[in-house]
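Subject: Structure handover

Hello,

The structure is placed here for your files. My notes come after it.

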Amino acid sequence: HNTWQGGKGLSETDADLAFGSGDGQIGLTVLRIPVNKSTADFGKELTAAKLAKARGAIVYATPWDSPYAGANAHIASGNYQAYTDHLNSFTEYMKNQGAPLYAISFQNEPDWCGEWTCWTADEIYNYTKGYADQLRKNGTKVISAESFAYQKTLYNKVLNDATVLKNWDILGAHFYASTAASADSWFEYALADQKNVERWMT
């Protein structure tokens, strides 16, 4: 990613290595890019996205922070619509630039909020209920907030409300702090299985 590589981005050679399917190439099929909090930085990931898509990969995006809350802060509910509009402006930008996104999440690691924007389970539920469906505006699927530690408590309230659950297409999760001794070890998640929810390790 340009944002994480000091502006270097992804070269054609590296894109061939990563997303090519020929001999000696890795054959990756998915690229995850950040949604920058400034609209002036929306174009930073465009080249990488286009290179990946040209080689058959899908591209999806995740915000770390927003114009409405940075590290160790919560987005006020009164800013949820403006935040939704911000995310939709990114999906619209990517679509208009010829690199439409497959999906978009509304928060990277809400439970690692010393560095990113924080979300509680109730905030995730309320945002999902009132706003998440709008994120499909530009043809993108909706990914949940993506827990740092695959904390089921961040997902359960949505999963237990069939109407609200319709506003998610994919449940995204990370395993950095999860353990095999958890109630549903590693990627297993009985409630999500019961609700027939698609899950990705994002």
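The notes below cover the disulfide, one histidine and some of the salt bridges.

This is a predicted model, in which local features need pLDDT of at least 70 and side-chain atom pairs count only at pLDDT 80 or more, while totals for chains, interfaces and linings use all residues. Residues are numbered from 1 along each chain as its sequence is written, and side-chain values use heavy atoms, with hydrogens and water left out.

Disulfide

The structure holds one disulfide (a pair of cysteine sulfur atoms within 2.5 Å). Cys 113 and Cys 118 form it, with 2.5 Å between their sulfur atoms. The link is right-handed, with 90° about the S-S bond. Cys 118 has 3% relative accessibility and therefore counts as buried; buried means under 20% relative accessible area, exposed over 50%, and partly exposed in between, with a 1.4 Å probe and protein chains only.

His 174

His 174 lies in the loop between strand 5 (171-173) and helix 7 (190-194). Here helices (H or I, at least four residues) and strands (E, at least two) are DSSP runs, numbered from the N terminus. His 174 has a relative accessible area of 2%, so it is buried. Apart from its neighbours within four places in sequence, His 174 is in contact with Arg 32, Asn 108, Glu 109, Glu 146, Ser 147, Phe 148, Ala 149, Tyr 150, Met 201 and Thr 202 (contact means heavy atoms within 4.5 Å).

Salt bridges

Side chains of opposite charge can pair when their charged atoms come close. The structure holds seven salt bridges, each being a side-chain nitrogen of Lys or Arg within 4 Å of a carboxyl oxygen of Asp or Glu.

One of them joins Arg 55 to Glu 12, at 2.7 Å from N to O. This pair links distant parts of the chain, 43 residues apart: Arg 55 is in the loop between helix 2 (46-54) and strand 2 (58-63), and Glu 12 is in helix 1 (residues 12-19). Arg 55 also meets Asp 16 in a salt bridge, at 2.7 Å from N to O. Asp 16 is in helix 1 too, 39 residues from Arg 55. As for accessibility, Arg 55 is partly exposed at 23%, Glu 12 is partly exposed at 48%, and Asp 16 is partly exposed at 32%.

Another salt bridge pairs Lys 44 with Asp 41, the closest N and O atoms being 3.7 Å apart. Lys 44 is partly exposed at 37%, as is Asp 41 at 25%. Through shared partners, salt bridges join Glu 12, Asp 16 and Arg 55 into one network.

Regards
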